[in-house]
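Let's take a friendly walk through a protein model, one feature at a time. Keep the picture at hand and look up each residue as we go.

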Amino acid sequence: MRIPLIAGNWKMNNTIADAQKLAELIVDFLNKFDKDREVLLCAPFTALYALKTTLKGSKVKLAAQNMHCEDSGAYTGEISPLMLSEIAVDYVLIGHSERRQYFYESDEFLNKKIKAALKHGIKPILCVGETLEQREANIEKQTVEAQIVNALKDVDVNSFENIALAYEPIWAIGTGKTASSEQAQEMIMHIRNVIKKLYNEKAAEITRILYGGSVKASNTTEIMSKADIDGVLVGGASLKAEEFIGIINY
Ligand code: PGA
């Protein structure tokens, strides 16, 4: 059984005080909520330590939005998996399209990050997705497949209990343009088949694969009705408590 994973990606938003306020509202809601959901907040680095206290004893999990692959060293401005494991974050986003696009992160680099996260007991959420040009050229499936093959190179089959993926078509991120639930299902089913081909049936069955891109309370039920979609990665709509709670409560 794949428990639905509802993840809020705050991106570069929320001061520590804002983060605590928003997290408290979500914790309060979840204390009175009994549907089977795993809820995750992907917060900026500066808020992670404080949020660990806010979330203590709650059902809400914590994620970083990025990390470096080395434990330490001369990498000015970077945050290491060792530092994140000290805070005991549960998850880390790896290869969000904004990291790929604005910070030129390659599949090879992401592969190192995934292995480093797993080594430190942090669950990676590998983000993949095509551009509008790639979709219009009908190469979206092979694009996403190549991202997965390269990012998971030499990752052990037993790691799949701790790996999630997020399919986020770049043309749907922050644009208000959601992929149709059929488009999302088709790609996510393809991703599951890629995992089966690369690894085995069990790995494909247990891996949670999320959809992300302009998810809001009003479209979550439709997205989550699809057989292969195991959760959502929510950007803009995760910044408002009421909207995010509506998504959790789809
Ligand atoms: P969005 O962002 O929900 O604002 O489209 C999703 C994401 O980038 O994870």
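## Two residues with positive phi

Tyr104 sits in the loop between helix H4 (97-103) and H5. This is a predicted model, and in it Tyr104 has a positive phi of about 55 degrees although it is not a glycine. Why point this out? Most residues other than glycine have a negative phi.

Another residue to look up is Lys11, which belongs to the loop between E1 and H1. Its phi is near 55 degrees, again a positive value in a residue other than glycine.

## The barrel

Now turn to the strands. They form a closed barrel of 8 strands in the order E1-E2-E3-E4-E5-E6-E7-E8, and the pairing is parallel. From one strand to the next, the twist averages 25 degrees. As background, strands of a sheet pair through backbone hydrogen bonds, either parallel or antiparallel.

Which residue of E8 is the bridge partner of Tyr211? The partner is Val232. A helix also packs on this sheet: H11 (residues 241-248) touches strand E1 (5-9), strand E2 (38-43) and E8. The direction of H11 makes about 160 degrees with that of E1.

## A salt bridge between strands

Side chains of opposite charge can pair when their charged atoms come close. A search of the whole structure finds 18 salt bridges. One of them is between Glu38 and Arg208, whose closest N and O atoms are 2.6 Å apart. Glu38 lies in strand E2 and Arg208 in strand E7, so this pair ties together parts that are 170 residues apart in sequence.

## Helix H1 and its neighbours

Helix H1 (residues 16-31) packs with H11 at an angle of about 35 degrees, and their axes are 10 Å apart. The crossing is right-handed. On the H1 side, the contact is made by Leu22, Leu25, Ile26, Phe29 and Leu30, while H11 brings Ala241, Phe244, Ile245 and Ile248. What classes of residue make up the contact of H1 with H11? There are 9 nonpolar residues, with no polar and no charged ones.

H1 also packs with helix H2 (residues 45-55): the two axes come within 9 Å and cross at roughly 30 degrees. Here too H1 passes H2 in a right-handed crossing. Ile16, Ala19, Gln20, Ala23, Glu24 and Val27 in H1 meet a group in H2 made up of Thr46, Ala47, Ala50, Leu51, Thr54 and Leu55.

## Helices H5 and H7

Finally, look for helix H5 (residues 107-119) and helix H7 (residues 140-151). Their axes come within 8 Å and cross at roughly 50 degrees, which makes H5 oblique to H7. Is this crossing left-handed or right-handed? The crossing of H5 and H7 is right-handed.

From H5, the residues Asp107, Asn111 and Ile114 take part, and they meet Ala146, Gln147, Asn150 and Ala151 in H7. This contact of H5 with H7 has 3 nonpolar residues, 3 polar and 1 charged.

Conventions:
Residues numbered from 1 in each chain as written. Predicted model: local features only at pLDDT ≥ 70, side-chain atom pairs only at ≥ 80, totals over all residues. Heavy atoms only, no water. Axes fitted to C-alpha atoms, helices over the stretch in contact; angles between N-to-C directions. Helix = DSSP H or I, 4+ residues; strand = E, 2+ residues; numbered from the N terminus. Parallel < 35°, antiparallel > 145°, perpendicular 65-115°, else oblique. Left-handed = near helix turned anticlockwise from the far one by under 90°. Contact = heavy atoms within 4.5 Å. Nonpolar A, V, L, I, M, F, W, Y, C, P; charged D, E, K, R; others polar. Pairing = 2+ DSSP bridges. Salt bridge = Lys/Arg side-chain N within 4 Å of Asp/Glu carboxyl O.
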